[in-house]
Amino acid sequence: MDVAHRNNVTVTGNPRGRTVVLAHGFGCDQNMWRLTVPALADDYQVVLFDYVGAGRSDASAFSEDRYSSLDGYAQDVVEVCEALDLRDAVFVGHSVSAMIGVLAADLAPERIGALVMVAPSPRYIDEDGYRGGFSEDDIDELLGSLESNYLGWSAAMAPVIMGNGDRPELGDELRNSFCATDPDMARVFARTTFLSDSREDLKRVRVPTLVLDCTQDVIAPREVGAYVHRSIPDSTLVTLDATGHCPHLSAPDATNEAITAFLAGLR
């Protein structure tokens with residue numbers, strides 16, 4: 001299996017620097033990191049990739065059985081790291097990729113030595129004593145709408161997820177990214193994402209971890225960022241002066257500053 005082809009792996013930046021792996025969220029692809037790469041490329045080797053079904057990945061590699069669990073995506077991450085023989089890499093995951101990174105670090109601790117979690121959520125559905133931001137009915141409605149009319153769902157939800165209504169071009173970009181994703185594959189990834197519960201996995205994290213949340217985020221409210229921070233021993237929480245669920249696009253300077261400061265402090 002050609003993992004580099006399957007996941008459209010791109011390697012750039014400083015080959016002598018520590019490796020930073022940038023992982024996109026649901027409905028996105030590696031292009032979403034284009035404003036972050038320049039902030040890293042002088043000092044770090046940067047690895048980007050597309051999950052199967054996203055971007056320019058090999059869609060023929062898609063398996064509903066494999067990708068009906070976050071474990072399948074985490075295995076892909078490990079295989080990318082193995083193919084490049086990465087050691088002690090820093091995994092930067094946006095949204096659901098933050099949890100995929102947690103699983104990958106547990107599977108291959110020699111490959112991933114630190115985590116940056118951008119707008120993470122270990123569980124989207126509220127429960128007694130836990131606020132994820134959505135009721136079960138909310139998620140059922142969201143998934144039902146997505147499955148019945150994916151393009152319509154994308155047009156309606158992208159501006160809500162992105163926030164920053166005064167900058168409609170950001171919502172347009174996210175909508176276009178959603179619409180470029182195969183609807184059948186998006187359906188599987190959406191169910192895997194929004195029905196997941198990775199709270200117990202957080203307790204097993206043993207690497208330096210930076211948690212980034214935003215002042216306003218309808219997908220991952222600040223209570224979620226605080227929960228992730230409390231659950232991971234010795235993690236660092238930084239609340240970005242940013243709104244929406246994609247701060248690497250809406251507030252790239254603040255996001256990049258937080259990431260590079262964390263990287264500079266790693267041994």
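1. In this predicted model, helix α6 (residues 150–162) packs against helix α7 (residues 168–179) at an angle of about 145°, with the axes 8 Å apart; axes are lines fitted to C-alpha atoms over the stretch in contact, and angles run from 0 to 180 degrees between N-to-C directions. Helices are DSSP runs of H or I with at least four residues, and strands are runs of E with at least two, numbered from the N terminus.

2. Residues of α6, including Tyr150, Trp153 and Met162, meet residues of α7, among them Leu174 and Phe178, where contact means heavy atoms within 4.5 Å.

3. The structure holds 14 aromatic pairs, a pair being rings of Phe, Tyr or Trp (its six-membered ring) with centres within 6.5 Å, counted as stacked if the planes are under 30 degrees apart, edge-to-face if over 60 and tilted for the rest. Tyr51 and Phe189 form an edge-to-face pair, at 6.1 Å centre to centre and 65° between the planes.

4. The rings of Tyr73 and Phe189 are stacked, because their centres are 4.4 Å apart and their planes are at 20°. Tyr73 lies in helix α3 and Phe189 in helix α8, so this pair ties together parts 116 residues apart in sequence.

5. Tyr73 is buried, with a relative accessible area of 1%, and Phe189 is buried at 7%; buried means under 20%, exposed over 50% and partly exposed in between, with a 1.4 Å probe and protein chains only.

6. On conventions, residues are numbered from 1 along each chain as its sequence is written. Local features need pLDDT of at least 70, side-chain atom pairs count only at pLDDT 80 or more, totals for chains, interfaces and linings use all residues, and side-chain values use heavy atoms, leaving out hydrogens and water.
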